[in-house]
Amino acid sequence: MSPSEGASISSAVPTSLERRDRGANSLRLALSKRVYLPACSIAAVAAVLVAIGWSNRWGGANFSGSLTSLRVVVAGPATLVIIGIFLIVERLRPAQRRPIFARGYRQDLIYTVLNATLVVPLVTALTLSFSEVVSRSMPWLVLARISVLPRWFAIAAIFVAMDAMNWLAHLANHRVRVLWRFHELHHSQEDMNVLTVFRTHPLIHVSYLVALVPGVVLVANGTLPIVGLVVYGGIVAFAHSNTNLGFGRLERVFVSPNYHRIHHRLDWPQDVNLGFALTIWDQLFHRAVFPTKETIRADTGLPGRPLAVEQAGHRPRHLSVLAAQLIGPFRPMDATTKLPSIRNKTLEPPSTAVRTSGGAATHSDDVARHTRERVLR
Ligand SMILES: [Zn+2]
Ligand SMILES: [Zn+2]
């Protein structure tokens, strides 16, 4: 046997390193058929942050005090009163008529309870840990006290900058596939209501941690008081209410229910109107679509129902749907599926909404089927 023949035979026999690589590849392939592996990275980030915070004793912060404050913001007396008022307003002036105990309302009530109980401790842990990691690893980011800067100005600056960061994270939720897997739950709601603000996957909060950065930067000059966070939460909750209400000229600044409904439209790319409280970021980045008569009563949800929803089927099966929705981001996903984007359309919304068009214009078969099911249920 010539030396070259020997070399070719030895290259055909896999080395132990190659065997290990092939083994790892086939394991990854087998796993990815059952689990959407990138989603695990978000869970891992959350776990690492909680572990860091725990081991650092939350950077000296008072965990139970922060937990109580966040609980007050999410479900304190003021928040409950505000939500109660909004629930009445949306019954008086509904965008879409719905039974008082519509399936979507009941499902969102479960999410509200879930947030007030289990999600609040998780978000407290993530918040304290992330703030500590940022201020410790990037101390230059934290501004010293500026004596000429009034406290109210610092608080207003945090409010606006926090909203900008939320906008950015929300855009990422729509453009980055792994984040979209967690965010699509929020968009699966077909019975929009005030409590839809709570219809979020617990791990999506990882993506919104960047909104804490302005608070870290300006911490020596002012901090957002609890009442500020309650007001902010109230604006965001009201934007989700099933209320037929626009803000007229004020809509050039603040998000109204009619404005945010366009973000949840069933028959249109949903990476528009991403603003939480302010519409200025959407206008700056050409993603603002202002309400018209047709958009006010438009259907909401996801075409083809890629995620389990309580509206499908004869019975709502709230708890099994909840379980399916929470494990939804970890389902395997076709990597070639494109996320629908406004980049592929003009900014003019179609002149006919799903409910009134009866199958015309931009309907896909999925949307038409979805709408038929809704009418029949
Ligand atoms: Zn969204
Ligand atoms: Zn929303």
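Me: How many helices and strands does the protein chain have?
Reply: This is a predicted model, and in it the protein chain has 16 helices and zero strands.

Me: How much of the chain is buried?
Reply: Of the 377 residues in the protein chain, 46% are buried.

Me: And what share of the contacts comes from residues 24 or more positions apart?
Reply: Counting contacts with a separation of 6 or more, 80% are between residues 24 or more positions apart.

Me: OK, on to the metal. Which residues are the protein donors of the zinc ion (ligand 1)?
Reply: His170, His174, His183, His187 and His263, each through NE2. They lie 2.1 to 2.2 Å from the zinc ion.

Me: What spacing do those donors follow along the chain?
Reply: The pattern for ligand 1 is H-x3-H-x8-H-x3-H-x75-H.

Me: Where do His187 and His263 lie?
Reply: His187 is in helix 8 (residues 177-187) and His263 is in helix 11 (residues 257-263), so this pair ties together parts that are 76 residues apart in sequence.

Me: Are those two buried or exposed?
Reply: His187 is buried, at a relative accessible area of 0%. His263 is buried too, with 0% relative accessibility. The cut-off for buried is under 20%.

Me: What separation is there between the zinc ion (ligand 1) and the zinc ion (ligand 2)?
Reply: The two zinc ions are 5.5 Å apart.

Me: Back to helix 8. How many of its residues are buried?
Reply: Ten of the eleven, so helix 8 is mostly covered, given that buried means under 20% relative accessible area. The buried ones include the zinc donors His183 and His187, and also Trp180, Arg181, Phe182 and Glu184.

Me: What covers them?
Reply: The cover includes helix 3 (37-55), helix 6 (103-137), helix 7 (151-175), helix 11 and helix 14 (318-327).

Me: Since helix 6 came up, where is Thr124?
Reply: Thr124 sits in helix 6.

Me: Buried or exposed?
Reply: Thr124 is buried, with a relative accessible area of 2%.

Me: And which residues does Thr124 touch?
Reply: Leaving out residues up to four places away in sequence, Thr124 touches Phe63, Ser66, Leu67 and Leu70. Those numbers fall within helix 4 (residues 63-75).

Me: Let's stay with helix 4, then. At what angle do helix 4 and helix 5 pack?
Reply: Helix 4 and helix 5 (residues 77-92) pack at about 15 degrees, and their axes are 5 Å apart. That makes the two helices roughly parallel. Their crossing is right-handed.

Me: Which residues meet there?
Reply: From helix 4, Val72, Val73, Val74 and Ala75 meet Pro77, Thr79 and Leu80 of helix 5. By class, this contact has six nonpolar residues, one polar and no charged.

Me: What about helix 4 and helix 10, at what angle do they pack?
Reply: Helix 4 packs against helix 10 (residues 226-239) at about 35 degrees, with the axes 9 Å apart. This crossing is right-handed.

Me: Which residues make that contact?
Reply: Ser69, Val72 and Val73 come from helix 4, while helix 10 brings Ile226, Leu229 and Val230. Here the classes are five nonpolar, one polar and no charged.

Methods: Residues numbered from 1 in each chain as written. Chains lettered and ligands numbered in written order. Predicted model: local features only at pLDDT ≥ 70, side-chain atom pairs only at ≥ 80, totals over all residues. Heavy atoms only, no water. Axes fitted to C-alpha atoms, helices over the stretch in contact; angles between N-to-C directions. Helix = DSSP H or I, 4+ residues; strand = E, 2+ residues; numbered from the N terminus. Left-handed = near helix turned anticlockwise from the far one by under 90°. Contact = heavy atoms within 4.5 Å. Nonpolar A, V, L, I, M, F, W, Y, C, P; charged D, E, K, R; others polar. Donors = N, O, S within 2.8 Å, 3.2 Å for Na, K, Ca; no water. Buried < 20%, exposed > 50% of the residue type's maximum accessible area, 1.4 Å probe, protein only. Parallel < 35°, antiparallel > 145°, perpendicular 65-115°, else oblique.
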